[in-house]
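Hi,

Here is the structure I promised to send over. Have a look at it first, then read on for my notes.

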Amino acid sequence: MIRSFYQIASDGGLLEKPIELTRLLLSPGERAEVLLDLSEMAGDSIKLMSFASELPNGIYGAAIPGMMAQMSMTGYNPNPLNGANFSMLTLNVIAPTSNPVTVIPSSLVTVKRLNASDANLIRNLTLNPASMGMNQLNGDFTISNTPFDMNTINHTIRLNDTEIWSIRNMSGIAHPFHIHDVQFNILDRNGVAPSASEMGRKDVVFIKPQETVRFIAKFDNFSDSITPYMYHCHLLTHEDGGMMGQFVVVENLEVADIFKPNKIKFKVYPNPASDYLNINFNKIVNLESISIYDVRGARVFFEEYFEPAREYKLNYDLSSGYYRVHVNADTEHFIKKLLINN
Ligand SMILES: [Cu+2]
C-alpha cells in the first residue's frame, strides 16, 4: 500500500500549506520536511522508499545515467541500486504519545515571492561538460565553461540588488545547482512555473539535461568586497572537479573614497596613475602595509614597510581600471580610490 505524506517545508523554510504527495524528487543538497499521518497505525511499520525505476534518463540513480543511452559511465553498471526501487528506512509505529499531533494544518505561513519585474539584472549561466560528446559523463563539468579558480571572482553583485539567474544545462546529465548567501524563488523551468513543492524558499535547484531554470534572489545583506560566496553543483565529484564559481556582494560597483576621521592625511599621486604610485603623508608615519584591490575585490598588490617615513613609492604592473589603495599606518586603516590608465 502506498501512503501519502505531506511536504511542509523546502530548503529555506515552510511552504504556504502542506502538499499531499506520494513522490518527492530530492537531489543531493535539497531538503524537505514532511508530516506523516500515523493515526491507527500503532503496531504497523512503514518504509521510506526510493523509486529510482521511475527516474527518467539523465539523472544519477536512473537505469541510464545520461540523457541518451549511448552516454555510458565507467563504473555505473552493474550497481544494483541504479534504476531499482529499494527501501531506505523502516519506521515501526508504536502507541501514541500522551499528547499526539493529530491534525495536518491547512495553512502554514505566507511565502513572500519576488517578482521577475523587480529584477535589476539577469545573469545567464550554463552547465557544461568539460568535453562534449558521448563520453562526457566520465569527465569533469564546469559552470559557464569556466573551471573553478580560487583567484577569480566570477561575479560581482551590488548589495540590495534583485537578480534573476538563468541557468541552462547544456550537459547530458542533471545537476543540483546550489548558491550560498541567499534563498531564492524558482521562477520557471523551460518557461513553465514550478510545482507547488518548489514554490517556497530554496537554495538548491535540480536542473535536468537541456533544461533552463530561472530563479530570483535579493542580495540584501552581508556585503564584503573581499570574501566571496560560492555557487556550485552539489554533486561532490562535480564540485571537486571544478563545477563551482564565486561572487562578491559589494556596496558600490564604483569604488568610492572612504575616510575615517583621523589625524593623518595622505594623497596618492599621480592619479590617474600608470606603473608607479607615490603615497604622501602629512607627517612621518609608521606605515605597516599597502594593498591594492581591483573592483572585484581581489588583492593585486601587497607590500609591507617598517621604516617610518612621509613618502613611499610603489612600482607595480597593473592593467587599466579602477582600484582601491588600502593603507595601514599608525594602527589605522585608510582607503583611496585609484585609477590606473596605461
Ligand atoms: Cu553536477
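First, the housekeeping. This is a predicted model, so local features need a pLDDT of at least 70 and side-chain atom pairs count only at pLDDT 80 or more, while totals for chains, interfaces and linings use all residues. Residues are numbered from 1 along each chain as its sequence is written.

On confidence (pLDDT is the predictor's confidence in each residue, from 0 to 100): the chain averages 91, and 96% of the residues score at least 70. The stretch to watch is 255-261, where the pLDDT is below 50; beyond near neighbours in sequence, that stretch has ten contacts in the model. A contact here means two residues whose C-beta atoms, placed from the backbone, lie within 7 Å. Where pLDDT is low, the predicted coordinates should not be read in detail.

Now the overall picture. The chain has one helix and 22 strands; these are DSSP runs, numbered from the N terminus, with helices being H or I of at least four residues and strands E of at least two. The radius of gyration, taken over C-alpha atoms, is compared with a globule rule of 2.2 Å times the number of residues to the power 0.38. A compact globule of 342 residues would come out near 20 Å, but this chain has 27 Å. Its C-alpha atoms fill a box of roughly 85 × 55 × 40 Å along the principal axes. Of the contacts with a separation of 6 or more, 71% are between residues 24 or more positions apart.

The domain assignment (bounds from an automatic or database assignment) gives domain 1 (5-92), domain 2 (116-250) and domain 3 (266-340). The centres of domains 2 and 3, over C-alpha atoms, are 36 Å apart. Seven residues of domain 2 are in contact with four residues of domain 3. On the domain 2 side, the elements giving two or more residues are β14 (224-233) and β15.

Both of those strands also sit in an open sheet of five, ordered β8-β15-β14-β10-β12, with mixed pairing. Strands count as paired if DSSP finds at least two bridges between them. β8 and β12 (204-207) are the edges: each has a single partner strand, so one side of each is left without a neighbour in the sheet. The twist averages 25° from one strand to the next, with axes fitted to C-alpha atoms and angles from 0 to 180 degrees between N-to-C directions. β8 pairs with β15 (residues 244-250) in the parallel sense over four bridges, and Thr156 stands opposite Val248 in β15.

β13 (residues 212-218) has two antiparallel partners on my list. With β9 (residues 162-169) there are seven bridges, and Glu163 stands opposite Ala217. With β11 (residues 185-189) there are four bridges, and Asp188 stands opposite Arg214.

Last, the loop between β8 (155-158) and β9 holds Asn160. Asn160 counts as partly exposed because it has 13 C-beta neighbours inside 10 Å. Its C-alpha atom is separated by 9.6 Å from that of Asn120, 40 residues apart along the chain.

Cheers

Note on methods: Buried ≥ 20, exposed ≤ 12 C-beta atoms within 10 Å, placed from the backbone.
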